[in-house]
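Subject: Structure handover and notes

Dear colleague,

Here is the structure that I am passing on to you, with my notes below it.

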Amino acid sequence: YGSFLSLLFYTIILAAVQQLPVTLPFQAEVTVDFAIVFSAILIFGSSISIILVFIATFITEFSRHKIMPLYKSIFNINLYVIIVGVASFIYNKIGGIPGQINLNQDILRIIILIFAYLFVNVSLVTIALSLLENKRSYLIFFNNFKWALPNYIALAPLGILLALIYLNIGVLGVLLFLIPLLTARHSFQLYMNMRKVYLDTIQALATTIEAKDPYTHGHSDRVAKYSLIIAEEMNLSGDFINMLKYAALLHDIGKIGIPEQILNKPGKLSESEFNKVKQHPELGASIVEKLDFLSKPATFIKSHHERLNGSGYPQGLCGEDIPLGAAILAVADAFDAMTTDRPYRKAWSVNETMAEIEKNSGIQFKAEVVQALKDSIEKGRIKINAG
């Protein structure tokens, strides 16, 4: 079920599509090569598929050696070999026969092959990224599994069809089939580009806020960083953490409507001035809630100055009525505000800041959020740069 020319052809098209990756969150990548590798396992079996993947990936990594560190190239080559080796081994063990596809009889085996390939791939990438970037492995796994799963489910039927076309028509049929396969890749790329545009838009908006107030330069980025670390420490879901990141980057966007002389005033604000400042959470929420993907973050933004005892603003919420995302923002916002210079005072030390925050735990701040911040600092996950 394979000649030398067929194997060479498969190697070439595999190497070609490997050079068209789509970037996922946390810097992982997927390509439409899954459909080709998947079909190769079904057609050629374990040993030949491993050789195909090794040669194609070696060609791909060599072609980008100027922009890819050697250790990443070595990792990528080994990653493909291990994934294909394990997945094809499992397929063979459960009765799959290379070059023979009967969908009625083999569908369960094929489904197991799909998920074995997916699980091994995402697990190895998760381990590598968690070690390199010192991030929580469950969060990396969730995000990359979440975005890779639709890609694999969409490409798996194409891989089956590709194998059937090769076995029944030959190389020419495969060439014709590459057109819809690359179209599928293009659609997925557009989807991921749209997500990137969303985040780029948010970051651009956050930059416009800080341009009004030089003392808060980098504030939104730091609040986002602290908020995500706290949320990870609390083992919150990846979806929640994504929404929290958006909210943190935009939590002060309502300050666009506050006069600069109030924002930059070195002394204490008058009651009327402070009343204007107190409008920014509601104003910010009203700005971002108009975008569907920011409707949830808008609730966090609106309530990030609420206090547990009901003395906050703008609604005077208390206790469990305060969204958890807002409670996390409140702690991260206070922590950054106290550990950075402001027009009216110098930055506090981390110890002084934590003493003040802990004093208000259960009164102003949610105790479990304060504890997560404290644990993150003790573990060295949150550090304040000197100066």
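In this predicted model, the axes of α9 (238-250) and helix α13 (residues 295-302) come within 8 Å and cross at roughly 55 degrees, where axes are lines fitted to C-alpha atoms, for helices over the stretch in contact, and angles run from 0 to 180 degrees between N-to-C directions. That angle makes α9 oblique to α13, given that angles under 35 degrees count as roughly parallel, over 145 as roughly antiparallel, 65 to 115 as roughly perpendicular and the rest as oblique. The crossing of α9 past α13 is right-handed; a crossing has this hand if the near helix is turned clockwise from the far one by less than a right angle, and is left-handed if the turn is anticlockwise. From α9 the residues F240, M243, L244, Y246, A247 and L250 take part, and from α13 the residues K296, P297, F300 and I301, with contact meaning heavy atoms within 4.5 Å. Sorted by class, this contact of α9 with α13 has 9 nonpolar, no polar and 1 charged residues, where Ala, Val, Leu, Ile, Met, Phe, Trp, Tyr, Cys and Pro count as nonpolar, Asp, Glu, Lys and Arg as charged, and the others, Gly among them, as polar.

Residues are numbered from 1 along each chain as its sequence is written, and side-chain values use heavy atoms, with hydrogens and water left out. Because the model is predicted, local features need pLDDT of at least 70 and side-chain atom pairs count only at pLDDT 80 or more, whereas totals for chains, interfaces and linings use all residues. Helices (H or I, at least four residues) and strands (E, at least two) are DSSP runs, numbered from the N terminus.

To stay with α13, its buried residues are P297, A298, F300 and I301, where buried means under 20% relative accessible area, exposed over 50% and partly exposed in between, with a 1.4 Å probe and protein chains only. These residues cover an arc of only 160 degrees around the axis, which puts them on the same side of α13; the arc is that of the directions from the helix axis to the C-beta atoms. What covers them includes α9, α12 (280-288) and α14.

Helix α14 (residues 324-338) in turn packs with helix α15 (residues 350-359) at an angle of about 140 degrees, with their axes 9 Å apart, and the two are therefore oblique to each other. Here too α14 passes α15 in a right-handed crossing. On the α14 side the residues are V331, F335 and M338, which meet V350, T353, M354, E356 and I357 in α15, and by class this contact has 6 nonpolar, 1 polar and 1 charged residues.

A further helix pair is formed by α3 (residues 46-63) and α4 (residues 70-93), whose axes come within 9 Å and cross at roughly 165 degrees, so that α3 and α4 are roughly antiparallel to each other. The contact involves S46, S49, I50, V53, F54, T57, F58 and E61 of α3, together with S73, N76, I77, Y80, V81, V84, G85, S88 and N92 of α4. Its make-up by class is 8 nonpolar, 8 polar and 1 charged residues.

Some single residues may also be worth a look. D106 lies in helix α5 (residues 103-133) and, at 8% relative accessibility, counts as buried; leaving aside its neighbours within four places in sequence, D106 is in contact with Q100 and I101. E273, placed in helix α11 (residues 271-277), counts as buried at 18% relative accessibility, and with the same exclusion of neighbours within four places E273 is in contact with I262, K265 and K268.

For the backbone, the peptide bond from Y313 to P314 is cis, with omega near 10 degrees, and P314 is found in the loop between α13 and α14. N235, in the loop between α8 (219-233) and α9, has phi near 60 degrees, a positive value in a residue other than glycine, and counts as exposed at 53% relative accessibility.

As for the protein overall, there are 16 helices and 2 strands, and 49% of its 387 residues count as buried. Along its principal axes the C-alpha trace spans about 85 × 45 × 40 Å.

Best regards
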